[in-house]
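I opened the notebook to record what I looked up in this structure. The entries follow in the order I made them.

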Amino acid sequence: MSNRFKNAFDRVFRAASMVQAGKTPYKILHTDGLVSLRYYPPLAEFTIELDDLTIPVEQTRHRTPVVIVPPLAVNMLIYDLFPQRSLVRFLRAKGFEVYLIDWGIPTRKHSHYNLHTYVAELLPAYLNRVREHSGEQELSLHGWSLGGMFTLFYSALSQDQHIRNAIVVGSPVDSHASGVMGLMYQGVSNVADFVQKRTGFKLHDLKPVWFHSPGWANTIGFKLTNPIGSFKGYWELLVKLGDRDFVADHATTSAFLDRMVAYPGGIVQDAVVRLWITNQPSKGKIQIGDDVARLENVNASLFAIAGETDTLAMPDAVGKIQDHIRSEDVTFRVVPGGHMGILAGSKAPKASWLELADWLAERSD
C-alpha cells in the first residue's frame, strides 16, 4: 500500500520528476522568438536500446540530413518520448544528421499565421538554415500529421528539386475518406456550400483571431478522438498504481498529451476550408495564399505510413497521395496503431522505424 500511495503522490504532485521524455541532447541553431531549429549532435554511446533491441550506433554518417517537420498543436516531446523509444535518438544512431523545426507556442498575436506562413515562408527559411549548417543541399523531410501535409505542400509549391526523400506519417490527402470523420467533413462541406450559395458568406471573410484554438482545447479534442482509450489509460493507472515503471510511463505519455499548444486562427481557417470542406488535396492541388500547390510537382522518393486504427487519417485517406505525385519511387505501408501510435507508440519501432531507416539509408548517400 505504501508504494501505491507514494506513486499516487508523485504522479499527482511530482509528475515532472517522473517524465522520461526529452532526454536526448540537442542544440538550438536559430530562433526567431517563436520558431526554432534544433540539431541533434552525434551520440556519445556505442549502442542504444530500442525497446527490447540493442542497436549499434553507426560511426559513419549518411550524406543527406533528415529534417523533422512536426505538426502544429503538439509539443516536441513526442519525438523523444522515452529513452528506449525516441525517434530522434534512433535516427541519430542509424547514422543520420537530424534536425527538427520546433514551431513553438503561438499566441493570439500569431493568429494571422496561415498555410502560406508555414509552407511558403517559415519552412523554406528554416530549410535554408539546415543547408547552411550541414553543407548539404539535398534533404530528407519527415512529417507526421499536418507536418506531412506541410512537407507535401512545400515540395509541390516550391518545386524544390533538392528534397530527395519525403516521409509522411498519418497525413490525410483525402480527408473525406477517413470513415466517420470523413462523413462529418462531408456534412460540413454540404452545409457550407448551401450557406455560401444562399448568402455568399465564406469563412475567410472572418478575422483569423476568431478561430484561434488554445492548447487546452486541442488537448481535449485529441483525447475525444479516442475517448475509450483515454478512459482506459486512467483506469489502468489506478489498477497498476503499485507499478512504478507503469506510473512513470503514464506520466511521460501524459506530458505530451496534456501539453498541446495553440493553433493559429489562420491555420484553422485554411484547414477547415481547404482540407475539410473543399478537400482540395484529394483533387491533387491546394491553394496556398494566392498560389496553387500541385501535388504532381512532388517527385521525391516517398515513404507514406498509415495507421490501421487511425480515425483521423485512415489508410484510404493517406494512400490517396499515390494517385497524385510524380515520383516513381513510392512505398506505402499500413501499420498497427492510431494517430499517435504510428509515430511513437510501443509497436512503432518494429512496425515502421527499422524499415524506414533501411529505406532512407539506401536513398541518402
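I count a residue as buried when its relative accessible area is under 20%, as exposed when over 50%, and as partly exposed in between (1.4 Å probe, protein chains only). With a relative accessible area of 48%, phenylalanine 194 is therefore partly exposed.

Ground rules. I am working on a predicted model, in which local features need pLDDT of at least 70, side-chain atom pairs count only at pLDDT 80 or more, and totals for chains, interfaces and linings use all residues. Residues are numbered from 1 along each chain as its sequence is written, and side-chain values use heavy atoms, with hydrogens and water left out.

Entry 1, the whole chain. I took helices (H or I, at least four residues) and strands (E, at least two) as DSSP runs, numbered from the N terminus. The protein chain has 13 helices and 12 strands. Of its 365 residues, 53% are buried. I defined contact as heavy atoms within 4.5 Å. Among contacts with a separation of 6 or more, 79% are between residues 24 or more positions apart. For accessible areas I used the Shrake-Rupley method with a 1.4 Å probe; for residues, only the protein chains shown count as cover. The accessible surface comes to about 16,600 Å², and carbon and sulfur atoms hold 55% of that.

I set the expected span of a helix at 1.5 Å times one less than its number of residues. Helix 6 has 21 residues and reaches 30 Å from its first C-alpha to its last, close to the 30 Å expected. Which residues of helix 6 are buried? I found Gly182, Tyr185 and Ser189. On the face turned away from the buried side I noted the exposed residues Val180, Leu183, Asn190, Val191, Arg198 and Thr199. Glycine 200 follows helix 6 and has a positive phi, near 80°.

I then looked for patches, made of residues with over 30% relative accessible area and no salt bridge: like charges are joined within 9 Å, nonpolar side chains (Val, Leu, Ile, Met, Phe, Trp, Tyr) within 5 Å. Val191, Phe194, Val195 and Phe201 make a nonpolar surface patch of about 340 Å².

Is leucine 139 buried or exposed? Its relative accessibility is 0%, so I count leucine 139 as buried. Beyond neighbours within four places in sequence, its contacts include Thr64, Leu127, Arg131, His162 and Arg164. Serine 145 lies in the loop between strand 7 and helix 5 (146–158). Serine 145 is buried as well, at 17% relative accessible area. Outside four places in sequence, serine 145 is in contact with Pro71, Val169, Gly170, Ser171 and His339.

My rule asks for a side-chain nitrogen of Lys or Arg within 4 Å of a carboxyl oxygen of Asp or Glu. The count by this rule is 13.

- Aspartate 160 and arginine 131 form a salt bridge at 3.0 Å, N to O. Aspartate 160 is in the loop between helix 5 and strand 8 (163–169), and arginine 131 is in helix 4 (residues 115–134), 29 residues apart. Both are buried.
- Glutamate 138 and arginine 164 form a salt bridge at 3.1 Å, N to O. Glutamate 138 is in the loop between helix 4 and strand 7, and arginine 164 is in strand 8. Glutamate 138 is partly exposed at 32%, and arginine 164 is partly exposed at 27%.
- Arginine 363 and aspartate 329 form a salt bridge at 2.7 Å, N to O. Arginine 363 is in the segment after helix 13, and aspartate 329 is in the loop between helix 11 (315–319) and strand 12 (330–335). Arginine 363 is buried at 17%, whereas aspartate 329 is partly exposed at 24%. Salt bridges that share partners join Asp329, Glu362 and Arg363 into one network.
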